[in-house]
Amino acid sequence: MDSIYNDLNAPHSMGTTIIGVTYDGGVVLGADSRTSTGMYVANRASDKITQLTDNVYICRSGSAADSQVLSDYVRYYLHQHTIQLGQPATVKVAANLVRMVSYNNKNMLQTGLIVGGWDKYEGGKIYGIPLGGTLLEQPFTIGGSGSSYLYGFFDQVWKEGMTQDEAEKLVVKAVSLAIARDGASGGVVRTVTINKDGVSRKFFPGNTLPLWHEELEAKDSLLDGFSAASPEPMVS
Amino acid sequence: MSRFEESAPARGGFSFDLCKRNEMLMQKGLKPSSYLKTGTTIVGLVFQDGVILGADTRATEGPIVADKNCEKIHYMAPNIYCCGAGTAADTEAVTDMVSSQLKLHRFHTGRESRVVTALTLLKSHLFSYQGHVSAALVLGGVDVTGPHLHTIYPHGSTDTLPFATMGSGSLAAMAIFESKYREGLTRDEGVKLVAEAICSGIFNDLGSGSNVDVCVITKGNREYLRNYMLPNPRTYVSEKGYSFSKKTEVLLTKITPLRELVEVIEGGDAMEE
């Protein structure tokens, strides 16, 4: 049972919302930026989308330490593989390496991952590797604690063959929705778009995200009371 | 006994064999020994010319202050320093170990150490002990690639930040940083902000106290300002002093001269091959 008090000795975990989406010509990966230690936000601007190779990136969720170490190992293996192969690694190989490490150490690791990238054989591909070490190739996938709030949204909104612009907007919209509802997700939205032309990173600060559910700007707030004139007493 | 040999750890790492024994003893009423913790407020920030690290100086053993003026900013390399929070033994040991590894690495490569090297050595050590080495660190330094500031958690995860706080007083210090930090601070502004953040931890957190240590690291230079601020002086010292009862009367004074100094004459016999 989680204590409501600050447990600063709790393992560093990324509550997280992570998303991977394919579009016509590539993939878009998206994530929030909150890392929590118990109830305290240890890093409000973390980068959960990590590079594995020039053309393959990975979204990390769950235990921060486990996912960082796993990505470091897989980056190292992929580097060796690229040298031996003589050409860029495919997304399938990267995803399989992640799955091997995740599955073979399933007792010790607690991390859910999304691998996405582009290669010349298969184009843009997204692979989901949840907690036990399954490997699932999917047209889109969501992960992390904030993903619970997005299943219905994606069922409604997802369509095949989107353009790059549509896909990016979809990812940003989805992460903002999850941030609004999930306490363990927050901060900024980061996206990484990978296609045959390369990789482009985008950054959306928290205050530019669209407001949801008829959120209004603060008016009639207590802070206004200090500078405004005192209110008239109520007359019954 | 052959069973004894089996349980001896063949590889390195912790052996948890005695944990069951300890549990049994605790059930019988034996109190576990407390260990020295640094309750702590440690901070770091990046300013225009490099990084500034800060720390308080209180070391606690449960509710008692064991050391009123301990050093929490540890030397890693001439251009890299590391603040440590958590179990004092763990932070000392892990920073000393990595400092030695870095020195050997410098001899091997012939180059100045990089902050990411220290970071990787620390994080892989802490990860392999799965959080049992209770060391939470703020690592900062300036190398050829520029100024760097990282936080390292006991489980082995790391963050790279422009300003960071760790320890029990981290929330108080982070409040100061979040309201006053901006990019491109000058040295004096940076030191003032770090001192303010540490003071916030000292006065608002029970696990932190005493004095403020600051370390300023810039390209090619570092200044270790030990006891930069002493906001908790001992205000009243009795003029009468302390008198000891008669029982401590001197009974005998005996002076034993040491042996005569031996002079070493240079240009003696050369060492045989």
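**Ground rules.** I am working with a predicted model, where local features need pLDDT of at least 70, side-chain atom pairs count only at pLDDT 80 or more, and totals for chains, interfaces and linings use all residues. Residues are numbered from 1 along each chain as its sequence is written, chains are lettered from A and ligands numbered from 1 in the order in which they are written, and side-chain values use heavy atoms, with hydrogens and water left out.

**Entry 1: the sheet.** I looked up the strand order and found an open sheet of 5 strands in chain B, 11-2-3-12-13, with antiparallel pairing. Its edge strands, each pairing on one side only, are strand 11 (163-166) and strand 13 (221-229) of chain B. From one strand to the next, the twist averages 10 degrees. My terms: strands (E, at least two residues) and helices (H or I, at least four) are DSSP runs numbered from the N terminus, and two strands pair if DSSP finds at least two bridges between them. A handy reminder for me: strands of a sheet pair through backbone hydrogen bonds.

Entry 2: Is strand 2 of chain B mostly covered or uncovered? I found it mostly covered, with 6 of its 6 residues buried (under 20% relative accessible area with a 1.4 Å probe, protein chains only; exposed is over 50%, partly exposed in between). B:Ile42, B:Gly44 and B:Val46 point one way, while B:Val43, B:Leu45 and B:Phe47 point the other. Strand 2 and strand 3 (residues 50-55) of chain B form a hairpin with 2 residues between them, and their antiparallel pairing runs over 6 bridges. I noted B:Ile52 in strand 3 as the bridge partner of B:Leu45. Strand 2 of chain B is also joined to strand 11 of chain B by 4 bridges, and there B:Val43 has B:Thr165 as its bridge partner.

Entry 3: Strand 12 (residues 212-218) and strand 13 of chain B pair antiparallel over 6 bridges. Here B:Val212 is bridged to B:Met229.

**Entry 4: the largest pocket.** I then turned to the largest pocket, which holds about 730 Å³ of space. Its lining has 29 residues, and A:Arg60, A:Gln68, B:Lys123, B:Thr158 and B:Thr160 lie nearest its centre. A pocket is an open set of points on a 1 Å grid over the protein atoms alone where a 1.4 Å probe fits, with protein on both sides within 12 Å along at least five of seven lines; lining residues have an atom within 4 Å of a point. Helix 1 of chain A gives the largest share of the lining, 7 residues.

Note on methods: Grid points are joined across faces, edges and corners, and a volume is the space filled by probe spheres set on the points. Axes are lines fitted to C-alpha atoms, for helices over the stretch in contact, and angles run from 0 to 180 degrees between N-to-C directions.
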